Amino acid sequence: MSRITGLLHDVGIRRRQSGDAGGRIVRVWDLPIRLFHWFTVALVAAAYATWRVNWMDWHARVGEILLALLLFRLLWGVFGSETARFSRFLKAPRTVLHHLSHLLRREPDRQPGHNPAGGWMIVLLIVLLLGETMTGIYVANDIADVGPLTAMTPAPVADAIDWLHAVLWNVLLAAVVLHLLAILAYGVAKRQNLLLPMITGAKTLPENVPPPRLAGLPLAVFLLAVGAAAAALIVLLT
């Protein structure tokens, strides 16, 4: 009996050292980042729907709201929760390649936030969405003949912005599909559910992974107001 107890003790030590033993539920995503995520999904879908039915006034309003959210996300990525900060989840290319080399390895999720590859995907999506909303605001103002920048912009530049708006939409759709395929791949190959934590805010992490520091709602409300004010100013000046 003592020999069996000793073997079980040794196995437990090895599991704890590898980070695979036990685990606890940790809150990793704050409410502002989750609301941003799902509102962005809804607004992108609304932008497509309003474009398809030619409700261009609503299409423009959707783009303006989306721009305000994106500006908030940039601010939250600097001043917000630890898992939302760009400085925390953007890793060097070597780290990203090393992470991707283990894509098919089934292992527990040890990342409190975005994994090294997912972090760069988030940045790509934000950049594409910013480009799409900014060019879209110019196109809307150009059609309505409003905004001081409209009269100052040469026709070839205006045409290029219009073309870029269409191209960025297609690139954005491709990036969204890639993002969804990555989530599916992590679920199938690694048995890591990346979607559920973005709904509940929590995931199960090994005991040796410290919980992230999360920022409060008052700061999020203030930064959202700043983002909304900046978006309104951009709309007026474009």
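**A guided reading of the model**

Biologist: Where is the place of H114?

Modeller: In this predicted model, helices (H or I, at least four residues) and strands (E, at least two) are DSSP runs, numbered from the N terminus. Helix α5 covers residues 93-100, and helix α6 covers residues 116-144. The place of H114 is in the loop between α5 and α6.

Biologist: Is H114 buried or exposed?

Modeller: The classes rest on relative accessible area: under 20% is buried, over 50% is exposed and the range in between is partly exposed (1.4 Å probe, protein chains only). The relative accessibility of H114 is 16%, so H114 counts as buried.

Biologist: Which residues does H114 touch, not counting residues up to four places away in sequence?

Modeller: Contact means heavy atoms within 4.5 Å. H114 and A84 are 30 residues apart in sequence and 8.6 Å apart in space, C-alpha to C-alpha. Beyond the residues up to four places away in sequence, H114 touches W29, T83, F89, G119 and I122.

Biologist: In what order do the elements of the protein chain run?

Modeller: The protein chain holds 10 helices and two strands. Of its 238 residues, 38% count as buried. From the N terminus on, the elements run α-β-α-α-α-α-α-α-α-α-β-α.

Biologist: What share of contacts between residues at least 6 apart in sequence joins residues at least 24 apart?

Modeller: The count takes contacts in the protein chain between residues at least 6 apart in sequence. Among these, the share joining residues at least 24 apart is 82%.

Biologist: In β2, which residue is the bridge partner of R24?

Modeller: Two strands pair if DSSP finds at least two bridges between them. Strand β1 (residues 24-27) pairs with β2 in the antiparallel sense over four bridges. Strand β2 (residues 202-205) has a covered face, K203 and L205, and an uncovered one, A202 and T204. The bridge partner of R24 in β2 is L205.

Biologist: At what angle do α2 and α3 pack?

Modeller: Axes are lines fitted to C-alpha atoms, for helices over the stretch in contact, and angles run from 0 to 180 degrees between N-to-C directions. The axes of α2 and α3 are 9 Å apart, and the angle is about 155°.

Biologist: Why is α2 described as roughly antiparallel to α3?

Modeller: Angles under 35 degrees count as roughly parallel, over 145 as roughly antiparallel, 65 to 115 as roughly perpendicular and the rest as oblique. The angle of about 155° therefore makes α2, relative to α3, roughly antiparallel.

Biologist: How do the residues of the contact of α2 with α3 divide by class?

Modeller: Ala, Val, Leu, Ile, Met, Phe, Trp, Tyr, Cys and Pro count as nonpolar, Asp, Glu, Lys and Arg as charged, and the others, Gly among them, as polar. Residues of α2 in the contact include F36, F39 and W51, and those of α3 include W58, L66 and W76. The contact of α2 with α3 divides into 18 nonpolar, three polar and one charged.

Biologist: What is the handedness of the crossing of α3 and α10?

Modeller: The axes of α3 (residues 56-79) and α10 (residues 217-237) come within 8 Å and cross at roughly 135°, which makes α3 oblique to α10. A crossing is left-handed if the near helix is turned anticlockwise from the far one by less than a right angle, and right-handed if clockwise. The crossing of α3 and α10 is right-handed.

Biologist: Where does N54 lie, and what is its phi?

Modeller: N54 lies in the loop between α2 (31-52) and α3. With a relative accessible area of 56%, N54 is exposed. Its phi is positive in a residue other than glycine, near 65°.

Definitions and conventions: Residues are numbered from 1 along each chain as its sequence is written. This is a predicted model: local features need pLDDT of at least 70, side-chain atom pairs count only at pLDDT 80 or more; totals for chains, interfaces and linings use all residues. Side-chain values use heavy atoms; hydrogens and water are left out.
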